[in-house]
Amino acid sequence: MSERNSDPEKKYEPALDAALERAGDRLEEIHREIESAAGLLEELAATPMSERPERIRTEVRFHALKLCDLLLKRSRESWFRDPARAVELARMAVEIADWLDAGYYGESLVEDERAIAWSHLGNAYRIASDLRSAEEALLRSQEHHKRAGEDALTGAQILSFLASLRTSQGRFEEAEELLDQAIPIYREARDRHLEGKALIQKGIASGLGGHPERAIQLIQRGLSKIDNLEEPRLLVSAQHNLIGFLNESGRSEQALKVLEQTRSLYLTLGEQTHLIRLRWLEGRIARDLGRLDQAETALREARDGFIERGIGFDAARVSLDLATIYLRQGRTAELKRVAAEMVPVFESRDVHQEALAALLLFRQAADAEEVTLGLLERISDYLQLARRNPELRFRAEAKDERG
Amino acid sequence: MDMPSSGKPTRADLRWLVDRLKPKIARLFERHGVSGKESEMRVAAALIRLSYQWDRVRDREKWLLTELQDALSLRQEETSKEPRDE
């Protein structure tokens, strides 16, 4: 055997050089795709929605993977600001992914892109409170993922979206199990940010599932891993949940301390709704520290802020927190007034019929002077989940009261 | 360690990546008895795929190596499944 062939590096050097040449030639086409994507997206956005599928089908220039990527990026940016728009953008991405040329991009890459597009559509549906469509879209995503050869990072992303769906459905343990599968994938891929994000997600599922102490540990671990500059929104959300779970687990002094340390973050990065949520959190902590006057002022301000912006579910939950103060203080007249005000205000908001029924039950209990802290807590917990899950039914009685 | 992230990979980015991984890639191909032509095809395909997913992948060295390892494992599985003449 020659010396050349006995050294693998030397043996494969010409092949690697040739591979680099081939890939390098393709880079120019990829750059062209990236540069034209924004213009193509604008064209599509300007096309009436009913004409888009036909244009996408017949005009090959729209069959571009980087256009699909850009649509998904825009969809992500719209998730919380405009959920309906997020669905629309992800749906366009799915249509485009459907027309990608497997002969040009390769079967595996095309199927992977379809999996990613469907998973984004699923998550957008979830945020828009259409959980059934979310489930179906995520199922389609998994099918494409299998056909693609199961890329690990795509798989972890699907697991993470599925976990969010399970959390919205109140299936917290399943959400945690799914994230337990995603976390090692991110760790293996040395993606600290996504690993941290998944830990935070698991912490929130755990806390909502009634384990605030575990939630605190997980969120703290997640916070130590995320890149604060990459997703400032995630940082605010993680800190907000951490403070909430600290307070919930009886560590209200510590919650207040962390809140004070985080205040500037809310002010710098926070949108108006973040600031209202901050006021709400302040009210809850003050209440649990026994500073009831301070709590009442903060909660009233938060409630009015949510009502002004038409955020019915949160306004209702703040009203229930206010009611706990009146109940503790024995201010029956105020309790009845808060209950009476809720129903007409929320009838015209984003609160669906089943949730309204829960609020009516609260009013009846207030009228009959039969409100308990347990009932207020159950309605509040229900509203938190029912916002994204309109099919969820309210149970008036506590679990341990059922026969 | 990884290259600075950018949405648009360049020829220099790909060269840097392959140069760093050259000994590992060569040993991997050698172990699997991959021909020069096949190795060119496999590395080019992986680099093109990585270029499309450039901003999604944080650790590109690890990704590229894993992509090649997985493809060769699959190839080995398929070869061992093929019926052989006795």
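# Helix packing and chain contacts in a predicted two-chain model

Gly196(A), Lys197(A), Leu199(A), Ile200(A), Lys202(A), Gly203(A), Ile204(A), Ser206(A) and Gly207(A) of α11(A) are in contact with Pro212(A), Arg214(A), Ala215(A), Leu218(A), Ile219(A), Arg221(A), Gly222(A) and Leu223(A) of α12(A). By class, the residues of this contact are 8 nonpolar, 5 polar and 4 charged. The model is predicted. Chain A has 20 helices and 0 strands, and chain B has 3 helices and 0 strands.

**The α11(A)–α12(A) pair**

- Helix α11 of chain A covers residues 192-208, and helix α12 of chain A covers residues 212-223.
- The two helices pack at an angle of about 165 degrees, and their axes are 7 Å apart.
- Since angles over 145 degrees count as roughly antiparallel, α11(A) and α12(A) are therefore roughly antiparallel to each other.
- The crossing of α11(A) past α12(A) is left-handed.

**Ala238(A) and its contacts**

- Ala238(A) lies in helix α13 of chain A, which runs over residues 232-248.
- Ala238(A) counts as buried because it has 25 C-beta neighbours inside 10 Å.
- Apart from neighbours within four places in sequence, the contacts of Ala238(A) are Ile200(A), Ile219(A), Gly222(A) and Leu223(A).
- Ile200(A) belongs to the α11(A) side of the helix contact described above, while Ile219(A), Gly222(A) and Leu223(A) belong to the α12(A) side.
- Between Ala238(A) and Gln220(A), the separation is 18 residues in sequence and 8.6 Å in space, C-alpha to C-alpha.

**The α16(A)–α17(A) pair**

- Helix α16 (residues 292-308) and helix α17 (residues 312-329), both of chain A, pack at about 155 degrees with axes 8 Å apart.
- That angle makes α16(A) roughly antiparallel to α17(A).
- Their crossing is left-handed.
- On the α16(A) side, the contact is made by Leu292(A), Ala295(A), Glu296(A), Leu299(A), Arg300(A), Ala302(A), Arg303(A), Phe306(A) and Ile307(A).
- On the α17(A) side, the contact is made by Asp314(A), Ala315(A), Val318(A), Ser319(A), Asp321(A), Leu322(A), Ile325(A) and Gln329(A).
- The residues of the contact between α16(A) and α17(A) comprise 10 nonpolar, 2 polar and 5 charged.

**Nonpolar core**

- The largest nonpolar core has 128 residues, of which Cys68(A), Ala90(A), Ala93(A) and Ala117(A) touch the most other members.
- Leaving out neighbours within four places in sequence, Ala90(A) is in contact with Leu72(A), Ser75(A), Ala117(A), His120(A), Leu121(A) and Ala124(A).

**Chain A as a whole**

- Chain A has 403 residues, and 44% of them count as buried.
- The C-alpha trace of chain A spans about 90 × 55 × 45 Å along its principal axes.
- Of the contacts in chain A between residues at least 6 apart in sequence, 58% join residues at least 24 apart.

**Chain B and the interface**

- In sequence order, the secondary structure of chain B follows the pattern α-α-α.
- Chain B has 86 residues, 30% of them buried.
- In chain B, 69% of the contacts between residues at least 6 apart in sequence join residues at least 24 apart.
- The interface brings 25 residues of chain A into contact with 30 residues of chain B.
- Helix α2 (residues 8-46) of chain A gives the largest share of the chain A side, 18 residues.

Terms used
Residues numbered from 1 in each chain as written. Chains lettered and ligands numbered in written order. Predicted model: local features only at pLDDT ≥ 70, side-chain atom pairs only at ≥ 80, totals over all residues. Axes fitted to C-alpha atoms, helices over the stretch in contact; angles between N-to-C directions. Helix = DSSP H or I, 4+ residues; strand = E, 2+ residues; numbered from the N terminus. Parallel < 35°, antiparallel > 145°, perpendicular 65-115°, else oblique. Left-handed = near helix turned anticlockwise from the far one by under 90°. Contact = placed C-beta atoms within 7 Å. Nonpolar A, V, L, I, M, F, W, Y, C, P; charged D, E, K, R; others polar. Buried ≥ 20, exposed ≤ 12 C-beta atoms within 10 Å, placed from the backbone. Core = buried A, V, L, I, M, F, W, Y, C linked by C-beta atoms within 7 Å.
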